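Work through the exercises below with the model in view. Try each task before reading its solution.

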Amino acid sequence: MFQEKLTKTAFLTALCITGLLALSGTKHAHADDVPVIEITAKRFSFSPDKITLKKGQTVILRLHSEDVTHGFFLRPLHLDEEIPAGHTTDVTVTPQTTGTFMTICDHFCGANHGNMNMTIVVE
Amino acid sequence: MKQHDRRSFLKIAGSSLGVGVLYSAYPAALAGGQAGNMFASLGHASGEQVAPFSFVQLSDAHVGFNGPPDPLGTRAFERAVDMINGLSQRPDLVLFTGDLTHDTEDKDTHAARMKQFQEISKKINVPLIKHVPGEHDAGLDGGALYREFFGESHYSFDHRGVHFVALDNVSRAKPEIGADQLAWLKKDLARFSKSAPIVIFTHRPLFDLRPDWEWFTSDGDEVMNALTAYDNVTVLYGHIHRDDEHETGKIHHYAARSLIFAFPDPVGVQGPRKPLPFDKDHPFKNLGIRTVSFNGRSQPASSSLSVEDIELTAREFRGINGVQQLLRNPNV
């Protein structure tokens with residue numbers, strides 16, 4: 001009886017987590033067969049400065065910074081990451097909305113921080 | 001002063017000066033039939049008697065910035081100082097809502113800019129000047145240098161019955177208040193009654209004005225939830241280099257113009273933000289100061305707080321006396 005209750009609780013918990021991830025469209029775990037797109041942040045630009053994703057297709061954005069800590073923020077895709085200098089941050093995203101979106105650095109990085117952005121197109 | 005809504009006053013100003021350089025808005029922030037109770041309860045809470053007064057909001061001087069699109073340096077800031085000193089009603093205080101200076105990697109240079117800011121601002125003929133940092137003041141070092149010059153980056157004080165709260169949404173490098181400051185805010189507000197007049201001043205908008213231009217505060221909703229219990233809250237902020245009015249529930253939000261260059265109206269603009277081009281024939285166009293008057297009276301179904309934005313070009317066309325004449329008599 002107790003075991004059955006525990007199993008049911010674990011199942012419901014897993015269901016909730018899966019649901020939350022599906023709602024957000026982003027997560028940090030990834031599988032080997034998921035395409036990886038590398039993005040480099042460096043004052044005051046991202047490289048590449050434009051990428052194209054497909055709606056419903058999961059990709060890994062592999063973010064790293066060449067100098068200081070940067071941010072990677074895009075509200076429509078629920079992206080809000082820190083990119084510490086010298087570290088790599090993987091973000092798994094499955095975009096559910098088509099459009100052309102501007103992603104910005106939202107971790108203040110210097111005088112021209114306000115112009116640090118890149119474009120993500122979801123087709 | 002006769003009260004007009006913003007649209008009608010804009011029309012009056014436009015016909016007087018040829019440009020829309022002066023307008024006035026009268027929010028209902030402090031209106032209500034329970035105003036008498038409100039003042040009494042606030043006076044009890046703060047230990048101060050409610051009384052009429054005015055204050056000025058300045059924002060985004062970016063001392064040290066000399067690049068395009070604006071070659072003015074500190075001239076607009078200095079003009080604003082002159083304008084304040086020429087006001088017919090001497091303000092009680094000046095609130096500066098961030099980006100006092102422009103950032104630089106070199107600490108000594110940044111310190112020199114903060115000192116230059118203080119040199120200019122101390123010429124303002126007011127008893128009290130209060131500040132909050134912008135990301136260009138505090139984003140690179142967590143606000144360490146800012147605090148050396150200007151003290152704590154979040155705090156509160158009472159003045160003639162109004163409770164002022166300075167919020168810092170820049171020192172954590174990201175656009176956020178943070179859990180500690182939020183807890184402090186809730187504790188700070190706890191002693192006030194529902195009807196207390198509260199003025200929040202901060203740098204970034206607390207709501208999602210334009211997130212892809214970084215015109216937001218990520219935990220701004222939590223701040224506004226903490227303010228929901230209060231009926232008379234006004235938020236003054238800067239950062240967006242243009243005037244803007246917005247309401248979230250009962251809370252009124254006002255953005256101030258900058259003292260360096262202006263950004264366009266974000267509505268309908270796609271892609272990155274770009275400053276408005278510099279107009280060498282009207283170098284102070286779109287830059288300005290804001291005056292706020294609190295009449296301190298119980299006026300059911302009327303307003304006790306009036307907000308006026310004055311473009312720096314006003315003096316250019318008519319002289320400061322002309323501006324004062326307009327301020328005294330908007331029907332000119």
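**Exercise 1: Chain A**

Buried residues make up 26% of the 123 residues in chain A. A residue is buried if 20 or more other C-beta atoms, placed from the backbone, lie within 10 Å of its own. This is a predicted model: local features need pLDDT of at least 70, side-chain atom pairs count only at pLDDT 80 or more, and totals for chains, interfaces and linings use all residues. Residues are numbered from 1 along each chain as its sequence is written, and chains are lettered from A in the order in which they are written.

Task: find how many helices and strands chain A has.

Solution. Chain A has one helix and 10 strands.

**Exercise 2: A hairpin**

Task: state how strands S6 and S7 of chain A run.

Solution. Locate S6(A) at residues 70-74 and S7(A) at residues 79-83. They run antiparallel, joined by five bridges. Two strands pair if DSSP finds at least two bridges between them. Gly71(A) has Glu82(A) as its bridge partner. Four residues lie between the strands of this hairpin, and His78(A) takes a positive phi near 60°.

**Exercise 3: Chain A meets chain B**

Task: count the residues in contact on each side.

Solution. Contact means C-beta atoms, placed from the backbone, within 7 Å. On this basis, 12 residues of chain A touch 13 of chain B. The chain A side has four nonpolar, six polar and two charged residues. Asp, Glu, Lys and Arg count as charged; Ala, Val, Leu, Ile, Met, Phe, Trp, Tyr, Cys and Pro as nonpolar; the others, Gly among them, as polar.

Key: Two residues are in contact if their C-beta atoms, placed from the backbone, lie within 7 Å. Helices (H or I, at least four residues) and strands (E, at least two) are DSSP runs, numbered from the N terminus. A residue is buried if 20 or more other C-beta atoms lie within 10 Å of its own, exposed if 12 or fewer, and partly exposed in between; C-beta atoms are placed from the backbone.
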